[in-house]
Structure formats: C-alpha cells, structure tokens
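Here is a short briefing on a protein model. Look over the sequence and the structure, then read the points below.

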Amino acid sequence: MTTETAYRADGSGHADGPGTWAVLLPAARYEAERLVHHDSLRLTGLSETGRPEPGDRVAVLADAPPRLVALGRVSAPTRRHREDPDDPQSPVEPETLVVTYTRRAFDEPVPADLLTLDGPVTALDPAAFRALADQLGPPPARRTWLVSLDLPIEAGTPAEAVRLFWSYVQELGPRELPAFVAPSGDELAMQAFVLGAEANQDPEEDD
C-alpha cells in the first residue's frame with residue numbers, strides 16, 4: 001500500500017502487535033517542539049477511551065496542512081503531580097499521554113494530507129502508518145556543529161555580565177534571540193537562526 005491511497009483509521013487493536021496511531025499537535029505545541037529539543041512529547045486532556053497504550057507506535061503530525069513531523073512510541077507515565085505544564089521535565093499526571101521520540105522531522109516534515117483524522121488522537125491502519133513512516137527515509141548523518149549566541153551586555157563585573165546574559169536568554173529565548181550555527185571546521189558557513197529557521201542578520205542585504 002502506498003500513500004497514493006486515502007487512508008482511514010480502522011481502530012486496529014493489539015491482537016496483531018502494537019497499535020499504530022496518529023497524534024495531532026496543537027499549533028502552539030508544534031512551535032514549542034520545533035524550537036527546543038525534547039526527548040518525549042507529553043499531552044494532557046485526552047479521552048480515556050480509544051487512546052494509545054504503552055508500546056504503541058505513534059506518528060506525530062502538525063496541522064494545516066497535515067504533515068508528519070516525528071515518530072515515537074508510547075511510554076507509561078509516572079504517577080506524579082505535574083507542577084508546570086510548560087516544562088517538559090516536570091512530573092506528569094497519570095492521564096498524560098507520553099510519547100518517546102524515535103525519529104524527528106520537524107525541519108523537513110512529510111506531507112500527510114491523505115490521512116483522515118478523527119481528532120487529536122486517531123487509530124491508524126498499520127499499513128498506512130508504515131507507508132507514512134517510509135517517506136521519511138534514513139535519518140541524516142550526525143555531525144558536529146558549533147552553535148553560539150553573542151549578546152553585548154553592559155555590566156560592572158564579568159560575573160554580573162554572565163548573570164544578565166542568562167536572564168536575557170531566559171526572557172527572550174529562541175523566539176527573539178538569533179543563534180549562530182556552523183559546521184565544525186567551516187566557520188565561514190555560519191548561519192543565523194531565529195524561530196528555528198534561517199534568518200538574515202545583515203541589514204544591508206535587506207535594503
């Protein structure tokens with residue numbers, strides 16, 4: 001089966017192995033997952049019926065238009081109180097769906113407009129899941145990158161300058177501060193990124 005067929009969720013269970021699901025990210029959560037590296041995805045407020053179980057495979061999708069941005073497996077959440085819903089490292093409540101990422105494609109998502117989704121969580125036919133996942137191809141080769149963030153800071157001492165630096169980083173974050181990245185050994189190829197995308201920082205080139 002290929003992605004040229006419009007797939008429909010059929011609620012396949014565990015008799016033939018782990019279940020396969022599609023999870024649709026809210027727009028704000030997609031941006032958060034794209035900007036900062038997380039080992040797992042945690043979603044709350046989902047129905048207790050018709051939801052993934054530990055070991056199930058998950059295709060994580062962004063909406064408008066639908067596209068595959070990650071693959072993962074469902075993990076069992078721990079029974080601890082969640083202090084901060086915006087902190088991915090904080091404890092989770094029992095009803096939280098926890099998906100451990102196995103492959104990310106946030107920078108180069110795969111079109112998934114042929115899927116029919118029934119809500120935030122949809123059961124997928126295993127063949128549809130495999131066809132969608134196969135479009136990702138092999139993961140890119142890992143290499144060493146040099147990432148830097150330079151801020152001009154006025155301060156009375158070096159220690160105060162460092163404290164102000166981290167205050168600005170926490171306050172402004174990746175949505176406002178440009179980070180500079182280059183392959184190790186090729187600093188001339190440096191690029192600036194804001195909001196997870198390449199951004200021109202030369203005002204003369206904009207004129």
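Alanine 179 has phenylalanine 193, in strand 12, as its bridge partner. This is a predicted model: local features need pLDDT of at least 70, side-chain atom pairs count only at pLDDT 80 or more, and totals for chains, interfaces and linings use all residues. Residues are numbered from 1 along each chain as its sequence is written, and side-chain values use heavy atoms, with hydrogens and water left out.

**Strand pairing**
- Strand 11 (residues 179–183) pairs with strand 12 (residues 191–194) in the antiparallel sense, over three bridges.
- Two strands count as paired if DSSP finds at least two bridges between them.
- An open sheet of four strands runs in the order 10-11-12-13, with antiparallel pairing.
- Strand 10 (145–148) and strand 13 (197–198) are its edge strands, and each pairs on one side only.

**Helix 1**
- Tyr30, Glu33 and Leu35 are the buried residues of helix 1 (residues 27–35).
- Buried means under 20% relative accessible area, with a 1.4 Å probe and protein chains only.
- The cover over these buried residues includes strand 3 (40–43), strand 4 (57–62), strand 5 (67–75), strand 6 (97–104) and helix 3 (158–176).

**Whole protein**
- The protein has four helices and 13 strands.
- Both are DSSP runs numbered from the N terminus: helices are H or I, at least four residues; strands are E, at least two.
- Of the 207 residues, 33% are buried.
- Among contacts (heavy atoms within 4.5 Å) with a separation of 6 or more, 66% join residues 24 or more positions apart.
- The accessible surface is about 12,900 Å², and carbon and sulfur atoms hold 52% of that surface.
- Accessible areas come from the Shrake-Rupley method with a 1.4 Å probe; for residues, only the protein chains shown count as cover.

Methods:
Buried < 20%, exposed > 50% of the residue type's maximum accessible area, 1.4 Å probe, protein only.
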